[in-house]
Amino acid sequence: MITLERAPKLWDTPEKDAALTWVPITTTDGVTAMVVCANGHAGLITDHEIDAAGHVTPSVVCTETSSRGTQEEPCDWHEHIRLDGWEG
Ligand SMILES: [Zn+2]
């Protein structure tokens, strides 16, 4: 399991610099999180449970693709994560 640091604000442009951070996002269903994978892809985890300590279940799989040369390859990031600073 890895711990993601809370970013000070929503990133203007999620990039490698924002890798492995998260920000809280309020939706009509309550507060969830947007997380950035190790390859700099941002995604909402609305279909995951986040407990009071910030543990996210189930594990998070990135569904984005990365450019490698001229090829687009699926991002293979898949981790059990905890959101540092989660306040529920
Ligand atoms: Zn990714």
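What pattern does the protein follow when read along the sequence? In this predicted model, the pattern is β-β-β-β-β-β-β-β-β-β-β. The protein accordingly has 11 strands and zero helices.

**Overall form**

The C-alpha atoms fill a box of roughly 40 × 25 × 25 Å, taken along the principal axes. The radius of gyration is 13 Å, which agrees with the value near 12 Å that a compact globule of 88 residues would have. Of the 88 residues, 19% are buried. Among contacts between residues at least 6 apart in sequence, 35% join residues that are at least 24 apart.

Strands of a sheet pair through backbone hydrogen bonds, either parallel or antiparallel. Five strands of this protein form an open sheet with mixed pairing, in the order β4-β3-β2-β1-β11. The edges of the sheet are β4, residues 42-44, and β11, residues 81-83, each of which pairs on one side only. On average, neighbouring strands of the sheet are turned by 35° against each other, direction ignored.

Two pairings of this sheet can be described in detail. Strand β2 covers residues 21-27 and pairs with β3 in the antiparallel sense over six bridges. Strand β3 covers residues 30-36 and pairs with β4, also in the antiparallel sense, over three bridges.

On the β4 side, Met-34 has Leu-44 as its bridge partner, and Val-36 stands opposite Ala-42.

| Hairpin | Residues between the strands |
|---|---|
| β2 and β3 | two residues |
| β3 and β4 | five residues |

In the turn between β3 and β4, Gly-40 has a positive phi of about 85°.

In soluble globular proteins, nonpolar side chains tend to be buried together. The largest nonpolar core of this protein has 15 residues, and those with the most contacts inside it are Val-35, Ile-81 and Leu-83. The elements that give two or more residues to this core are β3 and β11. Strand β3 supplies the largest share, three residues.

Which residues are in contact with Val-35, leaving aside its neighbours within four places in sequence? They are Leu-4, Trp-22, Gly-43, Ile-45, Val-60 and Ile-81. One of these, Ile-81, is itself named among the residues with the most contacts inside the core.

**An exposed position: Thr-57**

Thr-57 lies in strand β6, which covers residues 56-57. Is this residue counted as buried or exposed? Thr-57 counts as exposed because it has 11 C-beta neighbours inside 10 Å, and a residue is exposed if 12 or fewer other C-beta atoms lie within that distance.

Leaving aside its neighbours within four places in sequence, Thr-57 is in contact with His-48 and Glu-49. Asn-39 is 18 residues from Thr-57 along the chain, and the C-alpha atoms of these two residues are separated by 21 Å.

Note on methods. Residues are numbered from 1 along each chain as its sequence is written. This is a predicted model: local features need pLDDT of at least 70, side-chain atom pairs count only at pLDDT 80 or more; totals for chains, interfaces and linings use all residues. Two strands pair if DSSP finds at least two bridges between them. Helices (H or I, at least four residues) and strands (E, at least two) are DSSP runs, numbered from the N terminus. Axes are lines fitted to C-alpha atoms, for helices over the stretch in contact, and angles run from 0 to 180 degrees between N-to-C directions. The radius of gyration is taken over C-alpha atoms; the globule rule is 2.2 Å times the number of residues to the power 0.38. A residue is buried if 20 or more other C-beta atoms lie within 10 Å of its own, exposed if 12 or fewer, and partly exposed in between; C-beta atoms are placed from the backbone. Two residues are in contact if their C-beta atoms, placed from the backbone, lie within 7 Å. A nonpolar core is a set of buried Ala, Val, Leu, Ile, Met, Phe, Trp, Tyr and Cys residues joined through C-beta atoms within 7 Å.
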